[in-house]
Amino acid sequence: VDEYLRRGSGAFLRKDYASARQIFGAFLRPIGEGEIDLGQHEMVSEVLGVDAEKCAAQYVVAVYLTSDPQTRAEAVRSAINEVDGVGSFWQPIQEMAEVAVEPLPELDVFLARWRAQIEKESPAARTSDWDTQADRWLREVVRRMDGAEGLAQVARSTRRADDLRAWCQSLVEAGDWKAALSAFEEAAELVTAKEYARGELLDGAALAAQELGRNDLPTH
């Protein structure tokens, strides 16, 4: 199995994406679903000499590059479903970009279609504050398309702790501490989760106040 997966990676690195798709497609799903017994007690990584998660990401990129642009989002979603027993895909767009050997073509078109695809999977009515895969994926694509403003719109509409954190964190990572201070303070008022979430957001406001050198830092 190691040898076949290495051949798949070799084909991928040579940009022979059709071959990589065929090889990975033959092995990764059966491995993830336990149809191929590799002798592991828990994780596949215990017995494989190759990085199975990286192979899974390469497979999804190969599917991206060998699919019709009009149906690419659906093809990528289906490919992730096939190999989710092997790969994590916490942020699929980022994970694809990290293994790709060349820029993903027509990415803007894909992002719009991918967003529409994920929005279909995101529940319209919230019954809990639990963060789902669709929530994480939607935040990733919204940030890429609309930046902090897009994340702010999502966070204000859901008032969920993870959405609010993502909005505030995007401003921290951009070094915009003035905007981050306002965002953290607003988020602390909006959040519907338990008090620890509000406390975490207020801690963020205190950090922003410190970075800004404000005179009212003790209050924060």
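Predicted model: local features only at pLDDT ≥ 70, side-chain atom pairs only at ≥ 80, totals over all residues.
Residues are numbered from 1 along each chain as its sequence is written, and side-chain values use heavy atoms, with hydrogens and water left out.

Now the whole chain. Its secondary structure comes to ten helices and zero strands. Helices (H or I, at least four residues) and strands (E, at least two) are DSSP runs, numbered from the N terminus. The C-alpha trace spans about 60 × 40 × 35 Å along its principal axes. Of the 220 residues, 42% count as buried. Buried means under 20% relative accessible area, exposed over 50%, and partly exposed in between (1.4 Å probe, protein chains only). Take the contacts with a separation of 6 or more: residues 24 or more positions apart account for 60% of them. Contact means heavy atoms within 4.5 Å.

Leaving aside neighbours within four places in sequence, Trp114 is in contact with Ala73, Val76, Arg77, Ile80, Pro92, Ile93, Trp137 and Val141. Follow one of these, Ile80. Ile80 is found in helix 4. Ile80 counts as buried, because its relative accessibility is 2%.

Phe89 comes next. Phe89 sits in the loop between helix 4 (72-83) and helix 5 (92-99). Phe89 has a positive phi of about 50 degrees although it is not a glycine. Its relative accessible area is 1%, so Phe89 is buried.

Arg159 also has a positive phi, near 60 degrees, in a residue other than glycine. Arg159 lies in the loop between helix 7 and helix 8. With a relative accessible area of 35%, Arg159 is partly exposed.

Step into helix 8, the place of Asp163. Asp163 counts as buried because its relative accessibility is 4%. The side chain of Asp163 makes a polar contact with the side chain of Arg139 (2.8 Å). A polar contact is a pair of N or O atoms within 3.5 Å; within protein, one must be able to donate a hydrogen and the other to accept it, and residues adjacent in sequence count only if both atoms are side-chain atoms. Not counting residues up to four places away in sequence, Asp163 touches Arg139, Val154, Ala155 and Thr158.

Arg139 leads on to the largest pocket, where it is one of the lining residues. Others in the lining include Trp90, Arg136, Asp162 and Glu173. Helix 7 (133-158) and helix 8 (161-173) are the elements that give two or more residues to this lining.

Conventions. 1 Å grid on protein atoms, 1.4 Å probe; cavity = no way out; pocket = protein on both sides within 12 Å on 5 of 7 lines; lining within 4 Å.
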